[in-house]
Amino acid sequence: MSGTGSTPALAGHIEVRDLCIRFNARDTTVDAINGVSLNVQPGEFVSLIGPSGCGKSTLLNAVAGFIEPSRGTVLLDGQPIRGPGSDRGVVFQQYSLFPWMTVRKNVEFGLKMKGIPRSERERQARTLLGLTGLLSFENHYPDQLSGGMKQRVGIVRALATSPQVLLMDEPFGALDAQTRVVMQEILTNMWQRLRISVLFVTHDIDEAVFLSDRVYVMTARPGRVKAELAVSLPRPRTSEMTGMPQFQAMVRTIKRLIREESLAAMGGELTESGLVGLSTEIGPQGVGSIL
Ligand SMILES: Nc1ncnc2c1ncn2[C@@H]1O[C@H](COP(=O)(O)OP(=O)(O)OP(=O)(O)O)[C@@H](O)[C@H]1O
């Protein structure tokens with residue numbers, strides 16, 4: 001594991017510079033993101049939020065090394081990212097566990113790929129499973145687990161190789177509201193202990209504010225950075241903080257920013273007095289139901 005207690009993280013600095021990603025389909029091109037610059041400092045928790053289709057997953061996939069930039073660069077600790085690597089753990093919304101492997105074998109997989117001897121990888125996997133309350137399920141198969149447990153295994157598996165960076169793409173998107181809140185608390189506790197850098201994609205504004213040190217709000221496609229907000233809530237975070245005025249104020253600000261972008265993408269515009277531009281097409285009630 002990368003670090004414990006208050007040891008400051010030294011690695012895991014992500015820098016995205018003027019990143020553009022264009023997809024070429026058969027007879028069209030799609031500019032998914034255009035000129036994105038952002039950073040994640042070592043040990044920082046940063047979220048990306050924005051209207052649907054603004055390129056959040058594309059950006060995360062570029063940092064993971066699954067997609068090459070059309071222009072611009074993505075650096076990890078000063079080195080250009082040239083492909084996937086064990087220095088970056090990835091967790092997706094779909095649990096992506098191997099269904100034919102037990103929980104422990106799933107967690108051991110990355111360690112096996114790194115050539116760690118069997119007894120050592122078994123020891124490491126059991127330690128991580130113990131930290132997340134999953135040790136008694138080590139011999140279960142994924143389809144014997146609840147969604148929240150599967151995603152805990154997914155996170156443990158991503159952390160098993162001691163990455164400097166954890167990349168998470170809507171990891172709790174498939175979970176019910178209660179499980180989601182519990183998972184957020186588990187994640188923030190684990191992150192606080194490990195001090196690794198996290199880049200987290202979500203649609204959920206409360207989730208972004210609750211978990212993050214900073215939040216980047218993206219524009220509608222092609223995605224750019226519309227705003228960067230620092231979250232000043234103290235650590236460790238607790239669920240009671242969601243009732244604090246500064247939490248609520250930040251949620252309102254982000255909601256407004258995303259709403260502006262969603263409207264702009266639909267050809268409308270937000271004014272002091274209300275909505276214009278869309279009303280002739282679908283009427284104010286229609287707009288309210290969309291947003
Ligand atoms: N492989 C691909 N080929 C062509 N277009 C793609 C590809 N991947 C993504 N896109 C397009 O790029 C744009 C950005 O997609 P992306 O999934 O990154 O957005 P997102 O912000 O994560 O969306 P959502 O919030 O709905 O999950 C979309 O218009 C999408 O259709």
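Trainee: Which residues are closest to the ligand, and how many surround the ligand?

Mentor: A residue is near a molecule if its C-beta atom, placed from the backbone, lies within 6 Å of it. Here 13 residues surround the ligand, and the closest are Phe23, Ala32, Ser52, Ser57 and Thr58. Strand 2 (29-40) and helix 1 (56-64) are the elements that give two or more residues to this shell. Helices (H or I, at least four residues) and strands (E, at least two) are DSSP runs, numbered from the N terminus. Helix 1 gives the most, with three residues.

The model is predicted: local features need pLDDT of at least 70, side-chain atom pairs count only at pLDDT 80 or more, and totals for chains, interfaces and linings use all residues. Residues are numbered from 1 along each chain as its sequence is written.

Trainee: How do the axes of helix 2 and helix 4 cross?

Mentor: Axes are lines fitted to C-alpha atoms, for helices over the stretch in contact, and angles run from 0 to 180 degrees between N-to-C directions. The axes of helix 2 (residues 103-113) and helix 4 (residues 147-159) come within 7 Å, crossing at roughly 30°. Helix 2 is therefore roughly parallel to helix 4; angles under 35 degrees count as such.

Trainee: Which residues make the contact?

Mentor: Two residues are in contact if their C-beta atoms, placed from the backbone, lie within 7 Å. Helix 2 uses Val103, Asn106, Val107, Phe109 and Gly110, while helix 4 uses Val153, Val156 and Arg157.

Trainee: How many helices and strands does the protein have?

Mentor: Eight helices and 12 strands.

Notes
Parallel < 35°, antiparallel > 145°, perpendicular 65-115°, else oblique.
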